[in-house]
Amino acid sequence: MKRFSLTFALICCILVANAQSVGLVLSGGGAKGLAHIGVIRALEENNIPIDYIAGTSMGAIVGGLYAAGYSPDEMETLFLSDQFKFWATGKIQEEYRYFFRKLEGTPAWLNLDLQKTDDKLKILPPTNIIPEEQMDFAFMEMFSSTNAVCDYNFDKLMVPFLCIATDVFENQEVELRSGDLGEAIRASMTFPLYFKPIAIDGALVFDGGIVNNFPVKNTVEAFNPDIVIGHKVANNAKRPDEDDVMAQLENMIMQKTDYEVPSDKGLLLETKFTNIGLLDFDKLMIIEKDGYQTTMSKMDSIKTLISRRVDQTSVDEKRHKFNIRKPELKFQNIQVEGVTDPMQRKYIIQSIKHRNNVIGLEDLRHEYFKLVADPQLKSVRPVSLYNKETGYFDLHLKVKKSNPLEINFGGNVSTKPINQGFLSVDYRFFNGRAYTLSTNIYFGRFYSSIKAGGRIDFPTRLPFYLSGYLTLNRWDYFSNSNEFFFEDVNSPYVIQDESNVRFELGFPIKTHGKLTFGTSYSSSSDAYYFTESVRKNDDAEHTDFDAFSGRVSLLKNSQNYKQYATEGTAAEINFTYTLGNEKHKPGSNSPFPTSSSVDHDFYTLEGKYDRYFPLSKHTTLGFTAEGVLSNKDVFNNYTSTLLAANTFTPTPFSQTLFLKKYRANKYFASGIKTIYEFNDQLHFRLEGYAFAPVRRINRGEDFQALYDPDQYSTLKLMGSGGFIYHTGLGPVSLTLNYFEKENTKFYVAFSFGYVLFNKRGY
């Protein structure tokens, strides 16, 4: 009997030991949190069970993915993918950059909303650095099917899970154990200023690391595991220095976290990093390896503490059984939250579904990013709910309309005399159609302009828009000294004033293209001298040209930046027919004795093609081709003919100079660009171009304009090289530029911002 009692006691001890439950707790820490994958990999390889999992911020992402049925290999693949890079940076990949809804380009750096409250206008600055649309869609895509399987209860996931967020108003933690898994994880890692906060159950929530970056206590209270394994990659903020503002802010925002696991409850693993930043996700393999090695170095202690084993086959089978229950993402019913006007809801739903009853994930992705490109909408957050009756998902679009009034600031700051400021005010509203009223002003020594007008978008089965603008432009080209970097400028020797009224009808062509039909009336007045040496009492030559134009354009654009692009394609074909009248008034030193008036009618066929080809992870090759054919006659004199001719200006700085040798009514040009990307923001580019005029415009006797008798003229070369850094506001560039030009041929320019102008009439 005594032997039986001992045997029974031994069996009970073995059963109790084998019944040990294990909870894994993962801290936040930005990119350093990728080390959690290595921890999970090491535990699985050594048959250590993971019965519960909890995390904050990056720990919530890794823990949530594991609970949703992702293996360490699948997580590694995800974090190495372009998909992750896009939703972590907010950049939209090329195939989803919807060109049709983009308004005319401006040099804006920053947009501020204006909101009317208590009869006062309040300026609302941006709330986040990284756009949220990519992340919102990705979390909906990754976790919607998981929600359907667990019925929005995190205890029913492959592994029960919880994560921590922070209630912004109450400044206290929110423990998330049910609801939408994607939204819970999205909330837990929404670091202030980087990402936009979201509302859960009516509370605005931020990153859980603000109040609790290591939820050991929550894990014990929620799941009561026998053993807790904690892995931390973060520490509390250090005491700040009086000159370290960021450290001061971190201490004010982040509450102190207890990074301990009670010795009677489990053990703590810690992976320390010295050279990994918050967003160094590209160092995944190094980070994951460190987490793996940390775990393996403690594996003997872990095995001593935890006697229960779960073999890899059992884990894989459990994961497979969970994953095969996930329904395919197909969407039927669409509901819109955030707008009350029925016509506005109809506009949004039509923009997504058109006339389809059911829409698949890939079609939804295309239509979603088209909707995101709509300037009428500030944000569109997709949330899906599984409908057990239909077997499809219901899509809830949480929409926030753009504030009707928006102010944009921008321009260009340069070491050259091309500095300019930019200010625009847009007013937007929509019901069954979308209306955008715009006005802007450029002010600077080289270029100034005023534009006013608007655009109406019609969300029909074949969407289209109508636009109309009135624009006043002025360019002052200055003669300059021969300084290499900073320049002294003299009086302007060419002044171009131009006003125009334009109307345009546009239709989309797939994602990146559009077809437009336009008409315009323009009136230009050029004041110029035949040489750059201008005396105080000299009167300028004057040429006025009033013209009506009709235009058909086929355009495509999928490039990632307005200037200094590194990927994508920009192409266009334009056919313009122009009827106009030229009037010339001679200046004080003119070789032309009297005024003259001449009628012109001509066509212009113009084609442009600019494309980037990735050669390796860091190297890209760009190719540019451009051509113009026109039967335009010469104008009264050599300078007026050049001013009216088409111009080859492939680089931003070339658009700011009056380059006589790159102007012609007929020409072909091409160029090669080599780009080396140090990272997503900084790159070095080297560009070389060749310009071939067809029947070059020559200066005859007494400054008359003559076409060169030779059909093809000598090639003219142009080059540029330098460093470009894309900030969140605009590009910073340091470039060396070469032109075939009298006097100065080389220019070094340091600039911040964009060189972009309002459109001319023709």
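Axes are lines fitted to C-alpha atoms, for helices over the stretch in contact, and angles run from 0 to 180 degrees between N-to-C directions. The crossing of H3 and H4 is right-handed; a crossing is left-handed if the near helix is turned anticlockwise from the far one by less than a right angle, and right-handed if clockwise. On the H3 side, the contact (heavy atoms within 4.5 Å) involves Met 58, Ile 61, Val 62, Leu 65 and Tyr 66, and on the H4 side Met 75, Leu 78 and Phe 79. By class, this contact of H3 with H4 comprises 8 nonpolar, no polar and no charged residues. In this classification Ala, Val, Leu, Ile, Met, Phe, Trp, Tyr, Cys and Pro count as nonpolar, Asp, Glu, Lys and Arg as charged, and the others, Gly among them, as polar.

The model is predicted, and local features need pLDDT of at least 70, side-chain atom pairs count only at pLDDT 80 or more, and totals for chains, interfaces and linings use all residues. Residues are numbered from 1 along each chain as its sequence is written, and side-chain values use heavy atoms, with hydrogens and water left out.

H3 also packs against helix H7 (residues 181-188), the two axes coming within 8 Å and crossing at roughly 160°. H3 and H7 are therefore roughly antiparallel to each other, and their crossing is left-handed. Ala 60, Ile 61 and Gly 64 of H3 meet Leu 181, Ile 185 and Ser 188 of H7. By class, the contact of H3 with H7 has 4 nonpolar, 2 polar and no charged residues.

At the level of the whole protein, the secondary structure comes to 15 helices and 34 strands. The C-alpha trace spans about 135 × 55 × 55 Å along its principal axes. Of the 762 residues, 53% count as buried, where buried means under 20% relative accessible area, exposed over 50%, and partly exposed in between (1.4 Å probe, protein chains only). Among contacts between residues at least 6 apart in sequence, 66% join residues at least 24 apart.

The count of disulfides (pairs of cysteine sulfur atoms within 2.5 Å) is 0. The sulfur of Cys 150 is 12 Å from the closest cysteine sulfur, in Cys 163, which is too far for a bond. Cys 163 is likewise in no disulfide, the nearest cysteine sulfur being that of Cys 150. Cys 150 counts as buried because its relative accessibility is 0%, and Cys 163 counts as buried at 0%.

Ser 640 is found in helix H15 (residues 638-644) and counts as buried at 1% relative accessibility. With residues up to four places away in sequence not counted, Ser 640 touches Tyr 528, Thr 543, Glu 582 and Phe 635. Glu 504 lies in strand E20 (residues 489-509). Its C-alpha atom is separated by 6.6 Å from that of Thr 516, 12 residues apart along the chain. Thr 516 is also among the residues that Glu 504 touches, together with Tyr 465, Leu 466, Ser 467, Lys 514, Phe 517 and Gly 518, not counting residues up to four places away in sequence.

Terms used: Helices (H or I, at least four residues) and strands (E, at least two) are DSSP runs, numbered from the N terminus. Angles under 35 degrees count as roughly parallel, over 145 as roughly antiparallel, 65 to 115 as roughly perpendicular and the rest as oblique.
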